[in-house]
Amino acid sequence: MIDKKFQRRGGRVKVTFSIPTEWLDRPTSVVGDFNDWDPTATPLRKKGSLRSATVVLDEGGQYAFRYLDSDGRWHDDPAADAISPNADGGTNCVVDLRRPQPDATTDS
């Protein structure tokens with residue numbers, strides 16, 4: 001699950017990445033281009049039946065990320081906004097922080 005809270009001022013978004021412990025019950029980090037793919041920068045903390053971490057990112061961009069567990073295995077997030085190919089021949093998840101636009105409807 002990815003929860004996005006757009007801040008009213010400052011162009012920032014609080015993003016919380018969460019995974020159920022039943023899905024991955026071992027130490028895990030969220031790594032991505034927002035933390036230079038550093039596996040020690042953003043560990044997921046166990047809280048009840050979830051592991052989660054929160055980061056504050058700039059609004060308007062798209063950020064690649066994945067989860068890396070303590071066994072060195074990479075995991076995708078099914079709640080990602082998109083999946084894109086990466087330079088290593090695999091995939092990255094994408095979180096899109098462009099503010100949703102209201103539907104443009106016209107009366108006919």
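Q: Which strand is the place of Ile83?
A: Ile83 lies in strand β8, residues 82-85. A strand is a DSSP run of E, at least two residues, numbered from the N terminus. This is a predicted model, where local features need pLDDT of at least 70, side-chain atom pairs count only at pLDDT 80 or more, and totals for chains, interfaces and linings use all residues. Residues are numbered from 1 along each chain as its sequence is written, and side-chain values use heavy atoms, with hydrogens and water left out.

Q: Why does Ile83 count as partly exposed?
A: Its relative accessibility is 48%. Buried means under 20% relative accessible area, exposed over 50%, and partly exposed in between (1.4 Å probe, protein chains only). The value for Ile83 falls in between, so Ile83 is partly exposed.

Q: What is Ile83 in contact with, leaving aside neighbours within four places in sequence?
A: Thr91, Asn92 and Cys93. Contact means heavy atoms within 4.5 Å. As for Ala53, its C-alpha atom is separated from that of Ile83 by 20 Å. The two residues are 30 apart along the chain.

Q: Why does Arg51 count as buried?
A: Arg51 has 9% relative accessibility. That is under the buried limit, so Arg51 is buried. Arg51 is found in strand β5. Not counting residues up to four places away in sequence, Arg51 touches residues including Phe17, Leu24, Pro27 and Leu44.

Q: What makes the Arg26 and Arg51 atoms a polar contact?
A: The backbone oxygen of Arg26 lies 3.2 Å from a polar side-chain atom of Arg51. A polar contact is a pair of N or O atoms within 3.5 Å; within protein, one must be able to donate a hydrogen and the other to accept it, and residues adjacent in sequence count only if both atoms are side-chain atoms.

Q: How many bridges join β4 and β5?
A: Three, in the antiparallel sense, with β4 at residues 45-47. Lys46 also stands opposite Arg51. The β4 and β5 hairpin has two residues between its strands, and Gly48 takes a positive phi near 65°.

Q: Which residues have the most contacts inside the largest nonpolar core?
A: Val15, Phe17, Val30, Phe34, Phe65 and Val95, in a core of 19 residues. A nonpolar core is a set of buried Ala, Val, Leu, Ile, Met, Phe, Trp, Tyr and Cys residues joined through side-chain atoms within 4.5 Å. Strand β2 gives the largest share, four residues.

Key
Two strands pair if DSSP finds at least two bridges between them.
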